[in-house]
Amino acid sequence: MFTGIVEAVGEITALQPSGGDLRVRIKTGKLDLSDVKLGDSIATNGVCLTVVDLPGDGYWADVSAETLAVATVGNWKQGDRVNLEKALTPQTRLGGHMVSGHVDGIGEVVWRKSTARAEQFRLRAPDELAKYIAHKGSITIDGTSLTVNAVDGAEFELTIVPHTIAETVIGGYQAGTRVNLEVDLIARYLERLLLGDAAAQSKNDGLTMEFLAQHGFYKA
């Protein structure tokens, strides 16, 4: 688990495709690796990766075909900058929100503009994730815990303060930038919980309007 508070910005220094999977090497910059050991997890642009080697100035990790399919990892290139966060401990301050490091989908920056000293962004999420994005709710963008300031269908807006711009990869976002999205974990569990016994039926992928009407949450 993570908090979505980025600790450092790293750099992709090597990519080694292997039988449909990928091995990646990340140079970690100012991230303190003194307490990191093999098998530990590090969120890398929001993707929970397991450390498989520690060469001294960074780490190697293996990326599965599943992760390549749902996250931006497949588009990474040598020299790309990535947000880094070590897994939380019982002593960690939960400054952001509970983040699993399991990417739900890929979003895209629609526009960016300056607002006083902050930067405002509009992003578009995949349609199937729109129901989990709420005004003033939390969302994780490339591993950064952020607050949603406005929602319009599958599009939503964020206001990013100068510190976050300086300490994460968000400063490099422009229209068309693709980003990893992780929706709020509580929303995911709440959806499943509301299904009740119907969750055991394989045809129920989520909450349908018919289901909500049947259980009094919606009037048809």
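**View 1. The second largest pocket holds about 260 Å³ of space.** This is a predicted model, in which local features need pLDDT of at least 70, side-chain atom pairs count only at pLDDT 80 or more, and totals for chains, interfaces and linings use all residues. Residues are numbered from 1 along each chain as its sequence is written, and side-chain values use heavy atoms, without hydrogens or water. The second largest pocket is lined by 15 residues. Closest to its centre are Glu7, Lys86, Ala87, Leu88 and Thr89. Its lining divides into four nonpolar, five polar and six charged residues. A pocket is an open set of points on a 1 Å grid over the protein atoms alone, where a 1.4 Å probe fits, with protein on both sides within 12 Å along at least five of seven lines; lining residues have an atom within 4 Å of a point. A volume is the space filled by probe spheres set on the points, which are joined across faces, edges and corners.

**View 2. The largest pocket holds about 340 Å³ of space.** Its lining has 14 residues. Asn45, Asp80, Arg81, Thr177 and Arg178 are the closest to the centre. By class, the lining of the largest pocket has four nonpolar, five polar and five charged residues. Here Asp, Glu, Lys and Arg count as charged; Ala, Val, Leu, Ile, Met, Phe, Trp, Tyr, Cys and Pro count as nonpolar; the others, Gly among them, count as polar.

**View 3. The structure holds one aromatic pair.** Rings of Phe, Tyr and Trp (its six-membered ring) pair if their centres lie within 6.5 Å, and planes over 60 degrees apart count as edge-to-face. The pair links distant parts of the chain, 52 residues apart. Phenylalanine 121 sits in strand 8 (residues 118-124). Tyrosine 173 sits in the loop between helix 2 (162-167) and strand 13 (178-183). Helices (H or I, at least four residues) and strands (E, at least two) are DSSP runs, numbered from the N terminus. Phenylalanine 121 counts as buried because its relative accessible area is 1%. Tyrosine 173 is buried too, at 5%. Buried means under 20% relative accessible area (1.4 Å probe, protein chains only).

**View 4. UniProt annotates residues 1-97 and 98-194 as "domain: Lumazine-binding" (unreviewed entry).** Residues 1-97 are 6% helix and 42% strand, with end C-alpha atoms 10 Å apart. Residues 98-194 are 16% helix and 42% strand, with end C-alpha atoms 21 Å apart.

Terms used:
Phe/Tyr/Trp six-rings, centres within 6.5 Å; stacked < 30°, edge-to-face > 60°. Buried < 20%, exposed > 50% of the residue type's maximum accessible area, 1.4 Å probe, protein only. UniProt positions renumbered as here; feature names shortened; annotations may be inferred.
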